[in-house]
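Thanks, everyone. Let's bring it up.

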Amino acid sequence: MTSKSTSPRRRQQPPIALVILAVAGIAVFIVPLIGLLARTPWRDLPALLTSDVVVDALRISFIASIGATAISAVLGVPLAWLLARVEFPGRSIVRGLVVLPLVLPPVVGGAALLFALGRRGIIGGPLHQMTGLVLPFSIWGVVIAATFVAMPFLVITVEGALRNLDPRFEGAAATLGAGRWTVLRRVTLPMIGPSLAAGLALAWARALGEFGATITFAGNLQGRTQTLPLAVFVALETDRGAAVALSLIMVVISLTVLIVLRERWWRPL
Amino acid sequence: MNPLAGLDAHLVVSRGDEFTLDIRLRVPRGKTVALLGPNGAGKSTVVAALAGLLPLEQGHIALDGRTLDDPDDGVLVPAEERGVGVVFQDYVLFPHLTVVDNVAFGLRSRNVKRGPSTAEAKRWLERFGIADLAGRKPGDLSGGQAQRVALARALITDPDLLLLDEPLAALDATTRVDLRRTLTDHLAQFSGPRMVITHDPTEAFLLADEIHVIENGAITQVGTPDDIRLRPRTPYIADLAGSNLFIGTAHEGTVTVGDHQISVADRHIDGPVLAAVNPRAIVISLAEPGGSSRNSWNTRVERIEHYGDRVRLQTGAPLPLTAEITPAALDDLRIAEGSPVWVSIKATEISVERD
């Protein structure tokens, strides 16, 4: 593509070393996918996809990732608003805490959740005594573990959008008679809509892929806490075909999300 | 008229340690007051305080006798209950809503149903001649169209006070000229007190009945546009009011102002115009000037004012002007108030734009 530049400059050749490294970079993404497709037992695929292990894992993953995304939205949007709009002491510390799960090894997160919410944990103990509810090794544990790792994506995305939103829009809405809720519902949320959607998508994708915190906090019980990634891990030892099928499902889901979101939502990022 | 009608405000707000805004404002119903000042003078703080987006530290705001903000009495009416309509700088239209939904926003926020809100919004769009834009998004509007949408959006809620923050600043020069007139007409549709906040003297002179000049958080002069223009009281006002501005009619290189005629360089412009002359471009002499200057006449010096290293002269009929000369030139001329002088202006020094 030639630019409208008036100077007749020759197109510069990119440095060859850079191109080689970049192609190697592409290979990092492509080679594993090729490997997966090469090993896919296409003929057995329908049977594998409808096997108990796969269906159970799909169900658990679906519930857990949707649940984690919903909780992330309900708690994360107000948190993002607080971080973006209210100056309070320790705000930078809170922001650091929110981002921590992004860099913390998930296994450590799962262990921490266990110490806090386990049956003998500092909150889990009293909770069990009062209500009989046991969070670890239940679907709730899966949801909590996924929320722990997924919510930061939503919070930082939405907070960034709120910071970039000119506060005069909300001011203008207020002068037109809109109360706080109306401003939030009709101005703030629609205006950060693309970023909110991107944050939800990122959080959901992260929740879907969650492994370490889940296996540590919620265990790996088929039909109760075994998600797609956990099922892949187990199947690699027992049934390679099932592992490939499960992996393929996750690749297809991820690609679908990417393609659907690319045009509509990822551009503003 | 009820003495409480209109806006009565005493605004005290500090911004950091350096800056304190402390001004008093009275705007009667049906009048347009311009708050004119340089950037950083506190104009946006005034808008925010009046609109309810920034609480006062001291003072009060009362609108038609109703207190909106009074820190001493603990009264603070939130923005959404104030009834202050604002046309923001750059208009701040909601980019995700269509034009008609932008205009209907105020009614929808007051729980008017969608149908009647939209119908009323369409009536306002028709009134401003932009009914065909109803379905567009603000991003697709020209500056002039956006301004009308913003004005309709502010007026649909029937506010008790209308604030216009730099209403023409976002427009290019030609559009500004076109829109100033329609804006004046549209402002007349609003019977409450109106305030124009601006750094542009032309905007203030042409839209306002009265001008309050704000400098560094304080009002430095209050007067009619003519007061401000002819009798500036601070160097800043002298500068910004500097241009001599006339409304006249152009025809083949001659502009008729009242019954006086001046020659201008532009021979193609025709019809109603605004003519402006910089005070420094006006030549004052004792004898009748010769040479190329076709605009010269004999008059008297009515007033002489010193502003540091320059001197401002007011000259009298037939075309009162403000001229600026150096103190040395004043000494050379040996003139005093009342002295007869010749005034001359080169045609090329007169800028003319269509009104």
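A quick definition to begin: a charge sits over a ring if NZ of Lys or CZ of Arg is within 6 Å of the ring centre and within 35 degrees of the ring normal. Keep in mind that this is a predicted model.

Now use that definition on chain B. Arg127(B) has its charged end over the ring of Trp124(B), 4.1 Å from the ring centre. Arg153(B) does likewise with Phe94(B): its charged end sits over that ring, 4.7 Å from the centre.

Next, ring against ring. A pair of aromatic rings is described by the distance of the centres and the angle of the planes. How many aromatic pairs does the whole structure hold? Three, over all chains. One of them is Phe94(B) with Phe105(B). That pair is tilted, 4.6 Å centre to centre, with 45° between the planes. Phe94(B) lies in the loop between strand E7 and helix H2 of chain B, while Phe105(B) is in helix H2, so the pair links distant parts of the chain, 11 residues apart. Both Phe94(B) and Phe105(B) are buried.

Then Trp124(B) and Phe128(B). Their pair is edge-to-face, 5.9 Å between centres and 80° between planes. Trp124(B) counts as buried because its relative accessibility is 9%. Phe128(B), at 2%, counts as buried too.

Last, chain A. Where is Phe29(A)? In helix H1, residues 16-38. Phe29(A) is exposed, because its relative accessible area is 64%.

Definitions and conventions: Residues numbered from 1 in each chain as written. Chains lettered and ligands numbered in written order. Predicted model: local features only at pLDDT ≥ 70, side-chain atom pairs only at ≥ 80, totals over all residues. Heavy atoms only, no water. Helix = DSSP H or I, 4+ residues; strand = E, 2+ residues; numbered from the N terminus. Buried < 20%, exposed > 50% of the residue type's maximum accessible area, 1.4 Å probe, protein only. Phe/Tyr/Trp six-rings, centres within 6.5 Å; stacked < 30°, edge-to-face > 60°.
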